[in-house]
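Please view the sequence and the model first, and then read the points below by topic.

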Amino acid sequence: MINRDERNGATELDALFRSRALGIGRGVDGVLVDANDELLRIIGRDRDELAEGISGRGLTTARDVERAAASLADLDRDGATSYMRDLERPDGTSIPVLVAIVTTAGPGLRWIAVVVDLSRDERLRTLATAEAAIVATLLDDAPIGFTFISPDLRFLRVNREMAAMNGFSVAEHEGVAVFDLLPELRETAEPVLRRVLETGEGLRDVEIVGETPAVPGEVRVWRESFFPVRVPDGPVMGVAAVARDETEVHRLRRELTATLARQRSALERLQTDLMPGRLPEHPSLGFAARYLSAAEEVRLGGDWFDIVHAADGRLVLSAGDAVGHGVEAVGLMARVSAAVRAYAWQGHGPAQILAHLDGLLRSPDSEGAASAVVVLLDPVTGELEYAGAGHPYPVLCTPGEAPRLLRGAQGPLLGFGGGRAYRSGTAHLAPGGALLLFTDGLVERRGEVLSTGLDRLLDAVGRAPAGAQKVLDAALARCLGDRAPEDDVCVLAVSRRA
């Protein structure tokens, strides 16, 4: 009725309000703002009180407060609800009623309610007729499926939406056993109905899956809520159910999952292609590297590692992390790592490389931010020159000594340097020693301070046998174990043979 032509709807609503058998009211949120004479009689109020707005809280007995709140939530979520309970009157008496409510268009939670007085014998005798009138008046045009099912699992009432879902007319439902009409739904729906009948407790948001004659051969998915209908202090008279067809939602969800998987795969291939395909071979050095993508869907970041031969024969090792995730981060990573190669080949040292990168990221046509560490290694002498920009310190392992972080040459994040100079530090990679460059995904864990992760890493590489691959394996095993990384992880290890 609510969704029909406005004039027809107004005429039908006026007719309802003139009813002497049914209490009819309109409200906004939890306040009654209009009512016919029968509803005012039922609740024991007059029109002066109605003019000020009658709160639903004042009509609810203490024992029904939680049920009333749940019914209001059902109305907000499903657009319709029905229940039996006692209404509180100002004189302290209560009256059992059957209530059916549907929402209407407009600001706030606007609704129309039909209330049946169950305290009179004649009301009880005409309950079935009243229920039929309520369903026909309020639920027949609702945008959700509604049905009332008897204790022996037969359809007693269905609205047009539910009938359309099932592929039969309304008349073809009435009095027919549910699973004679819909045998494909027995497996998922029958246990739910029997549980509600046996326990007297409702079940919300149950997923029902199966086929109906409405769309033969197609598996459909419905989200349904079931609740028992009973006379106050009496047995369960049946099960009322509301249903929403979510087949299309599930299809779109599957498409989104597949799209995300394809995007993730493409980004992983792109990111892998941008990193060295083969590690260099050197008579006095060993190399090992590993890249692990984040566990979360399409959360790939801009982590990278690289090894470049400088013009003077030294090696430039780098690792970094472009801020962000997804396509933009991978694109930024590609630009920064390519720039590192170019600046290294031009003969710039680590501090100069970082300064140039900072200027690049602060240019108007290349905005972004990244952390990085650059190390210049002389493979003959083992001398190291290093500099960092907001990136975790490299770890240096020296035989006979505890592993240590190469601190003291850390500058601001690339893109935030503001033209300030970056500083270099020096160290020595001794024969039998190893150097480890990594991104923060190796040591960071949610809910844990960074120093704990760094201590874990230092302990792991301190116990590792000599060799780049063994140092790298020990770091991954101790810092990640069997858990998937929460963020991208890049690890590059280089060792100097004894």
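A residue is called buried when its relative accessible area is under 20%, exposed when that value is over 50%, and partly exposed in between. Aspartate 205, at 36% relative accessibility, therefore counts as partly exposed. The model described here is predicted. Of the 498 residues of the protein, 49% count as buried.

**Overall make-up**

- The secondary structure of the protein comes to 15 helices and 22 strands.
- Among contacts between residues at least 6 apart in sequence, 57% join residues at least 24 apart.
- A search of the whole structure for disulfides finds 0.

**Strand β7 and its neighbours**

- Strand β7 (residues 145–149) is joined to strand β11 (residues 236–245) by 5 bridges, and the two run antiparallel.
- On the other pairing of β7, 3 bridges join this strand to β8, again in an antiparallel arrangement.
- Threonine 147 stands opposite alanine 241 in β11 and opposite valine 158 in β8.
- Isoleucine 149 has valine 239 as its bridge partner in β11.
- Strand β7 is mostly covered, with 5 of its 5 residues buried.
- In a regular strand, side chains alternate between the two faces of the sheet.
- In β7, Gly145, Thr147 and Ile149 point one way, Phe146 and Phe148 point the other way, and all are buried.

- The phi of leucine 153 is near 60 degrees, which is a positive value in a residue other than glycine.
- Leucine 153 counts as buried because its relative accessibility is 5%.
- Aspartate 205, placed in strand β9, has a positive phi of about 50 degrees although it is not a glycine.

**Cavities**

- Rolling a probe the size of a water molecule over the atoms shows where empty space is left.
- A search of the whole structure finds 3 cavities of 30 Å³ or more.
- The largest cavity has a volume of about 170 Å³.
- Its lining consists of 17 residues, of which Met162, Leu182, Leu185, Ala189 and Glu224 lie nearest the centre of the cavity.
- The elements that give two or more residues to the lining of the largest cavity are β7, α7 (160–166), α9 (178–181), α10 and β10.

- Glutamate 88 stands opposite serine 94 in β5.
- The hairpin formed by β4 and β5 has 5 residues between the strands, and glycine 92 in the turn has a positive phi of about 95 degrees.
- Strand β5 is in turn joined by 8 bridges to strand β6 (residues 110–117), which runs antiparallel to β5.
- The bridge partner of leucine 98 in β6 is valine 116.
- The hairpin formed by β5 and β6 has 5 residues between the strands, and glycine 106 in the turn has a positive phi of about 135 degrees.

Conventions
Residues are numbered from 1 along each chain as its sequence is written. This is a predicted model: local features need pLDDT of at least 70, side-chain atom pairs count only at pLDDT 80 or more; totals for chains, interfaces and linings use all residues. Side-chain values use heavy atoms; hydrogens and water are left out. Two strands pair if DSSP finds at least two bridges between them. Helices (H or I, at least four residues) and strands (E, at least two) are DSSP runs, numbered from the N terminus. A disulfide is a pair of cysteine sulfur atoms within 2.5 Å. Buried means under 20% relative accessible area, exposed over 50%, partly exposed in between (1.4 Å probe, protein chains only). On a 1 Å grid over the protein atoms alone, a cavity is a set of points where a 1.4 Å probe fits but cannot get out, and a pocket is an open set with protein on both sides within 12 Å along at least five of seven lines; lining residues have an atom within 4 Å of a point. Grid points are joined across faces, edges and corners, and a volume is the space filled by probe spheres set on the points. Contact means heavy atoms within 4.5 Å.
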